[in-house]
Amino acid sequence: MIAKRHTGILGGRFDPIHLGHLAIATIAHRLLELDQILMMPSRLAPHRAAPALASADDRLAMVTLATDDHPHLQPCNLELKTSGPSYTAVTLGQLREQGYRPSELFFILGADAFLEIETWYDYPGILDSANFVVVSRPGYQASALINALPAIENRIELISIDTKLSHLKTKTHPVVFMIEAITPAISSTDIRTRALLGKPLDGLLPSSVVRYIERHHLYDTDGRQ
Ligand code: ATP
Ligand code: MG
């Protein structure tokens with residue numbers, strides 16, 4: 001029995017989680033009127049050769065701190081406790097086994113990540129297993145993807161704060177929602193580099209996460225010995 005039906009999933013390495021991640025979660029929550037969003041660190045991202053620098057436990061701890069004062073964001077360890085690489089298609093299958101219908105699931109991602117969707121495991125079948133919610137990222141406009149991915153053009157709905165959702169949320173077939181929004185120009189790569197160089201991290205992550213990184217020396221030279 002699932003109490004909260006319309007569920008967003010924001011997956012990522014979260015190495016570390018930052019204000020860009022919180023921004024896309026909040027935008028998707030507001031525009032699509034979602035009941036909750038699962039913030040799900042990946043175990044091993046299939047697209048990446050190098051593992052995360054921070055451990056799974058540290059990445060989940062930072063997600064827990066960052067979501068502490070956001071009641072609609074729930075830390076979720078589903079991918080961390082599953083062995084092997086984290087394939088989104090497999091994760092969505094596990095959620096369906098828990099009773100969710102594809103039309104109740106909303107997989108949230110930045111436009112840079114969705115640009116690679118054709119290389120994902122189980123594409124194009126994966127597009128039938130959940131709604132996708134693609135949010136612009138600085139340098140990657142969501143609306144520009146419509147031309148970049150002609151094969152799925154007929155599934156795409158460009159939405160904004162003014163869009164009436166009633167007809168979209170009753171659709172039984174999953175949709176690719178595209179949201180043009182301004183999110184902060186922040187990346188985990190940049191944060192790791194700044195930490196290594198001893199530069200301040202304020203304004204890029206919640207302060208509780210900055211303190212956690214400093215206390216545990218996650219990305220500085222002390223942590224690499
Ligand atoms: P890295 O630099 O290590 O790749 P990242 O900042 O891209 O880290 P990820 O964990 O790779 O963060 O991203 C998880 C998801 O969040 C992806 O779908 C990504 O597109 C999205 N995302 C991350 N930062 C932003 C941002 N500033 N604006 C919009 N989307 C973002
Ligand atoms: Mg990334």
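Predicted model: local features only at pLDDT ≥ 70, side-chain atom pairs only at ≥ 80, totals over all residues.
Along the principal axes, the C-alpha trace spans about 55 × 35 × 35 Å. Buried residues make up 47% of the 225 residues, and if we take the contacts with a separation of 6 or more, 75% of them are accounted for by residues 24 or more positions apart. The accessible surface comes to about 11,100 Å², and carbon and sulfur atoms hold 51% of that area.

Let me turn now to strand β2, which runs over residues 36-41 and has 6 of its 6 residues buried. Q36, L38 and M40 point one way from the strand, while I37, M39 and P41 point the other way, and all of them are buried. Which strands, then, pair with β2? Strand β1, residues 7-12, pairs with β2 in the parallel sense over 6 bridges, and within that pairing L10 stands opposite M39. To get from β1 to β2 the chain passes through helix α1, residues 19-32, and this β-α-β crossover is right-handed. Strand β3, residues 73-75, also pairs with β2 in the parallel sense, here over 3 bridges, with L73 in β3 as the bridge partner of I37.

The next stop is S188, which has its place in helix α7, residues 188-196. Is this serine buried or exposed? Its relative accessible area is 12%, under the 20% cut-off, and S188 therefore counts as buried. The side chain of S188 reaches the backbone oxygen of P16 at 2.9 Å, and, if we leave aside neighbours within four places in sequence, the residues in contact with S188 are D15, P16, H18 and H21.

Finally, I would like to show helix α8, residues 207-216, in which the buried residues are S208, V209, V210, Y212 and I213. What covers the buried residues of α8 includes helix α2, residues 56-67. After α8 comes H217, whose phi is positive, near 50°.

Key: Residues numbered from 1 in each chain as written. Chains lettered and ligands numbered in written order. Heavy atoms only, no water. Buried < 20%, exposed > 50% of the residue type's maximum accessible area, 1.4 Å probe, protein only. Helix = DSSP H or I, 4+ residues; strand = E, 2+ residues; numbered from the N terminus. Pairing = 2+ DSSP bridges. Right-handed = clockwise from strand over helix to strand, strands pointing away. Polar contact = N/O pair within 3.5 Å; in protein donor to acceptor, adjacent residues only side chain to side chain. Contact = heavy atoms within 4.5 Å. Areas by Shrake-Rupley, 256 points an atom, 1.4 Å probe, with all protein chains shown as cover.
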